[in-house]
Amino acid sequence: MVCESWKTKLDAYLDGELSEEEMRSFDAHVRGCPSCSADALTRVQMKRAILLAGKRFTPSTEFRKRMQQTIAPHPQRSFGLRWTFAAVAAVVLVVGWFTASYVISRSSRDQVYGEVADLHVATLASSSPVDVVSTDRHTVKPWFQGKIPFAFNLPELQNTEFSLLGGRLTYLDQTPGAHLIYDIRKHHISVLVFQERSLKLPASWGENVLSPKNLPFNMETWSQSGLRYFVIGDASAADIDRLAKLFKAAS
Amino acid sequence: MPHFERLYNFACWLTQDRQEAEDLVQETYTKALKGFSSFQQGTNFRAWIYKILRNTFLTSRTGLKASSTVPLDFELEEEALPTAKETPESILLQRSDWQRVQQAMERLPVAYREVLLLCEVEEMSYQEISATLDIPIGTVMSRLSRARKTLRADLRPGASRG
């Protein structure tokens, strides 16, 4: 039969699976061939019948609900996930506590440094930097008797470049202390001495701190025999350290 | 739930049992969710999920039984159906009820039923059907052809009902 070659492709033609060129050729043939057009019509109606008959089953409302409950994300977190969250929360708390402690400690320390620097600058700017003017440590030390609740030793400055200019009473954090002023090569250095326990200093402060950052002066501070010493000035760090060592040796 | 109603319909046609179809659909979605990482983005999602359903069905008791009775493609003899002699009136227009078509579809071997449903009801391309059933396109075409001929023969007036 003439149409046999066409009929083998009739299903593919009706399923839209031929190439555009083949589709155009098929369209032209079907229009002019009564046998193929009748066959095509029959098959189209069959396709339509299968489509309508095939859409037969609809899920029940109960099944749909059950499926939605099954498939929907479970609100309860898994045991492992809860522990993960707990662990993360714990880490965050610990890190937060350390960070807060560090920040508070650093903030408190910076505040003390700032106040010490202020005392140094304010004293030098004062018209009367010292209340007891003497280069003799045996004069200056007794002057503090009855004015501060502790005693301390002043170093012997013989054979050093340092010279004592005098002393005055000072306060840090509402705590009375001794403020001594030394001179080295026209640089003034303040030495402040307080009772350690009277100062509300952070527990994390080390025994000895050298030249803290963010301070416009060189400074050294340490704790010795229950006293807190601060040596601060615009002299070199080496001079500050030498004076500090003299005090440490005297105490 | 994408394709939920259509998957359920397809599952009913495969299992021919609503309870089994519900189990099949549920298992299909569970597997799809678990194995979603295996779905390659940009590929055909519909073919992927239908494939899961169909493979799940084939490993079920009903599926194993149904597939074991499927005639192999080469075993089906080409019937010289007198399609040209039949007019549309002789096949379909005489029947106003869809029940006969449905019953004829139910009688089809599952291998023909599924390919016919994917083509005519799901309106998948041969390529999609090939991906879903994991068979070559040539096999899709030959199965479709045989499914249609079998159905047509079954719907012929006076055809014996198996």
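Two strands count as paired if DSSP finds at least two bridges between them. In this predicted model, strand 6 (residues 218-224) and strand 7 (residues 227-233) of chain A are joined by 7 bridges and run antiparallel, and A:Ser223 stands opposite A:Arg228 in strand 7 of chain A.

**Strand pairing in chain A**

- Strand 2 (residues 163-172) of chain A pairs with strand 3 (residues 175-184) of chain A in the antiparallel sense, over 9 bridges.
- Across this pair, A:Leu164 has A:Tyr182 of strand 3 of chain A opposite.
- Strand 3 of chain A also pairs with strand 4 (residues 187-195) of chain A, again in the antiparallel sense, over 7 bridges.
- Here A:Ala178 has A:Val193 of strand 4 of chain A opposite.

**Hairpins and positive phi**

- Most residues other than glycine have a negative phi.
- The hairpin of strand 2 and strand 3 of chain A has 2 residues between the strands, and A:Asp173 takes a positive phi near 55° in this hairpin.
- The hairpin of strand 3 and strand 4 of chain A has 2 residues between the strands, with A:Arg185 at a positive phi near 45°.
- A:Lys186 lies in the loop between strand 3 and strand 4 of chain A, and its phi is positive, near 70°.
- A:Lys186 counts as exposed because it has 6 C-beta neighbours inside 10 Å, where the cut-off for exposed is 12 or fewer.
- The hairpin of strand 6 and strand 7 of chain A likewise has 2 residues between the strands.
- A:Ser225 sits in the loop between these strands and is a residue other than glycine with a positive phi, near 50°.
- With 10 other C-beta atoms within 10 Å, A:Ser225 is exposed.

**Contacts between chain A and chain B**

- In chain A, 27 residues are in contact with 33 residues of chain B.
- On the side of chain A that touches chain B, the elements giving two or more residues are helix 2 (10-14), helix 4 and helix 5 (61-71) of chain A.
- Helix 4 of chain A gives the most to this side, with 14 residues.
- By class, the side of chain A that touches chain B consists of 14 nonpolar, 6 polar and 7 charged residues.

**Nonpolar cores**

- The largest nonpolar core has 47 residues, and the members that touch the most others are A:Ile50, B:Phe10, B:Ala11, B:Leu53, B:Val115, B:Leu116 and B:Ile129.
- At least two residues of this core come from each of the following: helix 4 (34-54) of chain A, and helix 1 (4-15), helix 2 (18-34), helix 3 (45-59), helix 6 (99-107), helix 7 (110-121), helix 8 (126-133) and helix 9 (137-155) of chain B.
- Helix 7 of chain B gives the most to this core, with 9 residues.
- Another core, of 31 residues, lies apart from the largest one and includes A:Leu119, A:Val140, A:Leu172 and A:Phe247.
- Leaving out residues up to four places away in sequence, B:Leu53 touches B:Leu7, B:Phe10, B:Ala11, B:Leu24 and B:Thr28.

Technical notes. Residues numbered from 1 in each chain as written. Chains lettered and ligands numbered in written order. Predicted model: local features only at pLDDT ≥ 70, side-chain atom pairs only at ≥ 80, totals over all residues. Helix = DSSP H or I, 4+ residues; strand = E, 2+ residues; numbered from the N terminus. Core = buried A, V, L, I, M, F, W, Y, C linked by C-beta atoms within 7 Å. Buried ≥ 20, exposed ≤ 12 C-beta atoms within 10 Å, placed from the backbone. Contact = placed C-beta atoms within 7 Å. Nonpolar A, V, L, I, M, F, W, Y, C, P; charged D, E, K, R; others polar.
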